[in-house]
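Have the coordinates open, please, and I will go through the rings.

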Amino acid sequence: MMKLFLMLFVLILVACSDKPRETSTSEVSSKSNNTKNLLQLTKINCDEESTESTNYTLNCKNFTVSNTLIEGSDQNRYELITFVFNDIEKAIIRKINNEDLETSSPIVYFSNTSKNYIIFFPINGENHFGWKLYLYKNKVLYPLGQRVLYWKPDYEESNINYSDILKIYETGDNILVEIPSKYIIKNDNDYKNYPNYLDGKYYEKEEKSYFEFSMSKIEYYKKYKNGLFEGDYNKMINNKIIDLIK
């Protein structure tokens, strides 16, 4: 009788050990779901030129984009980024507090599905600091978010730039920015002096870094605790968010 009991006990242990762990399976699936059903956006070819009045002017098929720095009468500095489409002219106004926060020439993407434009602006800085992401939808410019990123030391002096390694995806109501992890310092906590540059969700998969931004929960402007702001210039003025910048 004792032998029979021991044999049954051993069989139960073996059966339990062969059963897959449900927790580990759910962990893997939850991570992989974020990068399922991705639709890669098309990068738009644009020609860049420089003028005395702007830092950059980008000529794309359906519009041009340029920026101008403004010294306001209130002793603050502003950046006006202007988009000129075939049928409308739009602008982004940004209140900035130092030179490191000026944008450089953007990379433009187009969604063949939603027909929206995604505009990726690198931020000028000593080590290619950060970037900003905008959405052009229904003739409104929306700030989706921004992140702190520096090149790893191996790539600081190289010819690698965002346009070489960047991929933008659309998945449902979200935009995903994909960058190979090997190029960037991705621990945002290293740069606590830029607390307003940590928008969006961040995760890693298969040696890629992903930054996820929602297109459904967005406003046409953002205001930060340190007094900076940005957004669709005309709508901000019309809704008395800001006064006309002189």
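One aromatic cluster is made up of Phe120, Trp131, Trp151, Tyr162, Tyr202, Phe211 and Phe213. This is a predicted model, so to speak of local features we need pLDDT of at least 70, side-chain atom pairs count only at pLDDT 80 or more, and totals for chains, interfaces and linings use all residues. Residues are numbered from 1 along each chain as its sequence is written, and side-chain values use heavy atoms, with hydrogens and water left out.

The pairing rule: rings of Phe, Tyr and Trp, the last by its six-membered ring, pair if their centres lie within 6.5 Å; planes under 30 degrees apart are stacked, over 60 edge-to-face, the rest tilted. That rule gives 19 aromatic pairs.

One of them is Tyr78 with Phe229, tilted, at 6.2 Å centre to centre and 40° between the planes. Tyr78 is in strand β6 (residues 77-85) and Phe229 in strand β19 (residues 229-232), so this pair ties together parts 151 residues apart in sequence. Helices (H or I, at least four residues) and strands (E, at least two) are DSSP runs, numbered from the N terminus. Tyr78 and Phe229 are both buried, meaning under 20% relative accessible area with a 1.4 Å probe, protein chains only; exposed is over 50%, partly exposed in between.

Phe120 belongs to strand β9 (residues 117-122) and Tyr162 to helix α4 (residues 162-165), so the parts tied together are 42 residues apart in sequence. Phe120 is buried at 0% relative accessibility, and Tyr162 is buried at 6%.
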